[in-house]
Amino acid sequence: MASGEEDGTVEEKETNNKKRTKGAIATAWLTFYNIAMTAGWLVLAVAMVRYYLQKGTHKGLYRNIARTLKFFQTFALLEVGHCAIGIVRTSVIVTGVQVCSRIFMVWFVTNSIRQIQNEESVILFVVVWTITEITRYSFYTFNLLNHLPYFIKWARYNMFIVMYPLGVIGELLTIHASLPYVRRSGMYSLRLPNKYNVSFDYYYFLIIVMLSYIPLFPQLYFHMLRQRRRVLHGEIIVEKDE
């Protein structure tokens, strides 16, 4: 009987040790990831400021920072994986929608349609993303290190109130500006007849994407407002990467 209890205790200890090891590895990886992403968006911010100071105009700015923007925004797909495997306690759907919508804006709108790259709306959403991501990733980093300065916590849960709507405005205006070029070129569209017997019009798809902001924006915005109330009012413990 005693040996059975001892065996059970040993198994519990081994299980707990494995959990602690996995937790330590996950924390180390998330710390590295968030430091890297903070640094990447800081590099992007410095590049934008330097370009504007040198040129005195936003024209050509997007092309100058496009490679860095595409790399770090695409790298953010890892966050969907973090949610899926459970090392981050956040909804896979919410994270997936946010990350994929940005990747869509970068690769399938702004990068694909060069005529709109000098639009002020492009600079608007890129600047908003940059400020938001520097704040967000630095928040995650300090939180994982258990040394979270209040001003970063404050910025994380207050700046989005203005930044999120501005980013959405920039994205919508950019998609709207792309519509005439998409319609004339027929890019990414598939006309009948074809061997797949499928028709797809990218022009109307972009219109649907714009309309999708109507139900999605309020849901995500109010979700973030609820998080803000809970965190700043101390109703819940802040998760390490939420």
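In which hand, left or right, does H4 pass H8 in their crossing? In this predicted model, H4 passes H8 in a left-handed crossing. The two axes come within 13 Å and cross at roughly 145°. On the H4 side, the residues that meet H8 are Val94, Val97, Gln98, Phe104, Met105, Phe108 and Val109. Facing them from H8 are Tyr202, Phe205, Leu206, Val209, Tyr213 and Leu220. Sorted by class, this contact is made of twelve nonpolar residues and one polar residue, with no charged ones.

Next comes the core. The largest nonpolar core has 45 residues, and Trp41, Tyr62, Ile65, Leu69, Val126 and Leu206 are the ones that touch the most other members. Two or more core residues come from each of helix H1 (2–55), helix H2 (61–75), helix H4 (92–110), helix H5 (120–144), helix H7 (160–185) and helix H8 (202–232). H5 supplies the largest share, at nine residues. As a general point, nonpolar side chains in soluble globular proteins tend to be buried together.

Trp41 is worth a look of its own. Setting aside its neighbours within four places in sequence, Trp41 is in contact with Leu69, Phe72 and Gln73, and also with Trp129, Thr130, Glu133, Ile134 and Tyr137.

How confident is the prediction? The chain has a mean pLDDT of 90, and 88% of its residues reach 70 or more. Over residues 236–242, though, pLDDT stays under 50, and the model has 22 contacts beyond four places in sequence for this stretch.

Conventions
Residues are numbered from 1 along each chain as its sequence is written. This is a predicted model: local features need pLDDT of at least 70, side-chain atom pairs count only at pLDDT 80 or more; totals for chains, interfaces and linings use all residues. Side-chain values use heavy atoms; hydrogens and water are left out. A nonpolar core is a set of buried Ala, Val, Leu, Ile, Met, Phe, Trp, Tyr and Cys residues joined through side-chain atoms within 4.5 Å. Buried means under 20% relative accessible area, exposed over 50%, partly exposed in between (1.4 Å probe, protein chains only). Helices (H or I, at least four residues) and strands (E, at least two) are DSSP runs, numbered from the N terminus. Contact means heavy atoms within 4.5 Å. pLDDT is the predictor's confidence in each residue, from 0 to 100. Axes are lines fitted to C-alpha atoms, for helices over the stretch in contact, and angles run from 0 to 180 degrees between N-to-C directions. A crossing is left-handed if the near helix is turned anticlockwise from the far one by less than a right angle, and right-handed if clockwise. Ala, Val, Leu, Ile, Met, Phe, Trp, Tyr, Cys and Pro count as nonpolar, Asp, Glu, Lys and Arg as charged, and the others, Gly among them, as polar.
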